[in-house]
Amino acid sequence: MIPSAIVLTREAPLAIRSLFAEKKYSKIGVLVDENTESLCYPLIKVEIPEHHMIKIASGEEHKNLTTCNEIWHEMTRLGFDRKSLLINLGGGVIGDMGGFCAATFKRGINFINIPTTLLAQVDASIGGKLGIDFEGYKNHIGLFHDPDLVIIDPVFLDTLDVRELKSGYAEIIKHCLIADAEYLDTVVREPFEDQDWGKHIAHSLQVKSRVTLEDPLESGLRKILNFGHTIGHAVESFFLNTPNKLLHGEAIAIGMICESFLSMKKTHLPAQEMQKISNLLKSIYGKHSIDTSNYLSISQLTLQDKKNTDGQVHAALLTKIGNCTYDIPIDTNDIKNALDFYNSI
Ligand SMILES: NC(=O)c1ccc[n+]([C@@H]2O[C@H](COP(=O)([O-])OP(=O)(O)OC[C@H]3O[C@@H](n4cnc5c(N)ncnc54)[C@H](O)[C@@H]3O)[C@@H](O)[C@H]2O)c1
Ligand SMILES: [Zn+2]
């Protein structure tokens, strides 16, 4: 069951019109970056009553306090109060950061998210995680807080480039790996160009909402959504400040290969399933060599993972395709072996 505050539609303008037919706000702001301003905003602007644009620069490197200052500054300058609304129109960066700014502005104002990338539609749109990066650590500062409404329309994906589309595809695959082996077969049967994104978005929303409703604050089951993310986030953070920046899904694909290898070692994932996962992900994402001299830095970055307790790194690992367990301790040596495996594929 998908929560009622999430609307999956092929008619985003209609959903926006019915929202404003019902609700009145003192001020409305639309948070965009240069891409969503030119490509997504024109599709919906006529449905939004008198509003102000708040524009920030696109990219993960701007998901930080400096940009939050700009957003808070604009909301203050425009005279936003507790009855105002912020519409976050963009990918996961806009959703996470705009939500964070709205949820903290004057102790919280209304906000709705209109995710416009596949990654944001299948993952960032649900579960209420908001936040920003800090001192090189991903999503280091933030909170749990649900948007008042999320409107998801695959039409926005028409302008997304293939690399970004593939980044979101990694989370669709992750949802299958942790919860639905049968659906994985449906997904991989079709070549990438022929995928039915609307159908996959609905599937991902179902998996993610089932898990997050059961454990909203990530004290247990929700940790399975982090499969591939313990090493994946560390790899993403590591490459963030290099010329070989990886997209979130690309880093998570590396993380899923590494953590499938660890699943085979620690939680009895059958070797042929591990091989199937690694072949599938390599066929979609290719391979990015990771120099052994960087292993230690990547390992150290996993120490910042939010699932850790008392300095012990914990991962969510597969017991088989379609089933995932969590809180499995892993150490530096495991990470090194997993990265060695990745380099060997
Ligand atoms: N809150 C959560 O649960 C959650 C889950 C997963 C990821 N995230 C976060 O999401 C972020 C990544 O999100 P992302 O992959 O959407 O990246 P992003 O927000 O940086 O968007 C990627 C690029 O696509 C552009 N873009 C957006 N919509 C477009 C469209 N329709 N057409 C053309 N270009 C478009 C953006 O301007 C940007 O340049 C990360 O910061 C990650 O931490 C959050
Ligand atoms: Zn992710």
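This briefing describes aromatic pairs, a zinc site and the surroundings of one glutamate in a predicted model. Because the model is predicted, local features need pLDDT of at least 70 and side-chain atom pairs count only at pLDDT 80 or more, while totals for chains, interfaces and linings use all residues. Residues are numbered from 1 along each chain as its sequence is written, chains are lettered from A and ligands numbered from 1 in the order in which they are written, and side-chain values use heavy atoms, with hydrogens and water left out.

**Aromatic rings**

- A search of the whole structure finds 7 aromatic pairs, where rings of Phe, Tyr and Trp (its six-membered ring) pair if their centres lie within 6.5 Å, and where planes under 30 degrees apart count as stacked, over 60 as edge-to-face and the rest as tilted.
- F20 and Y25 form an edge-to-face pair, with 6.1 Å from centre to centre and 80 degrees between the planes.
- Both F20 and Y25 are buried, a term for under 20% relative accessible area, with exposed meaning over 50% and partly exposed in between (1.4 Å probe, protein chains only).
- W72 and F100 form a tilted pair, at 6.0 Å centre to centre and with 50 degrees between the planes.
- Since W72 lies in helix 4 (residues 65-77) and F100 in helix 5 (residues 92-104), this pair ties together parts that are 28 residues apart in sequence; helices (H or I, at least four residues) and strands (E, at least two) are DSSP runs, numbered from the N terminus.
- W72 counts as partly exposed at 21% relative accessibility, whereas F100 is buried at 8%.
- Y169, F192 and W197 are linked into a cluster by ring pairs.

**The zinc site**

- The zinc ion (ligand 2) is coordinated by E171 (OE), H229 (NE2) and H248 (NE2), at 1.9 to 2.1 Å; donors are N, O and S atoms within 2.8 Å of the metal (3.2 Å for Na, K and Ca), and water is not among the atoms, so sites may look incomplete.
- E171 in helix 7 (residues 162-179) and H248 in helix 11 (residues 248-266) are 77 residues apart, and this pair links distant parts of the chain.
- E171 is buried at 0% relative accessibility, and H248 is buried at 16%.

**The surroundings of E47**

- E47 is placed in the loop between helix 3 (41-44) and strand 3 (52-56), and E47 is buried, with a relative accessible area of 15%.
- The side chains of E47 and R17 are joined by a polar contact of 3.0 Å, that is, a pair of N or O atoms within 3.5 Å, of which, within protein, one must be able to donate a hydrogen and the other to accept it, while residues adjacent in sequence count only if both atoms are side-chain atoms.
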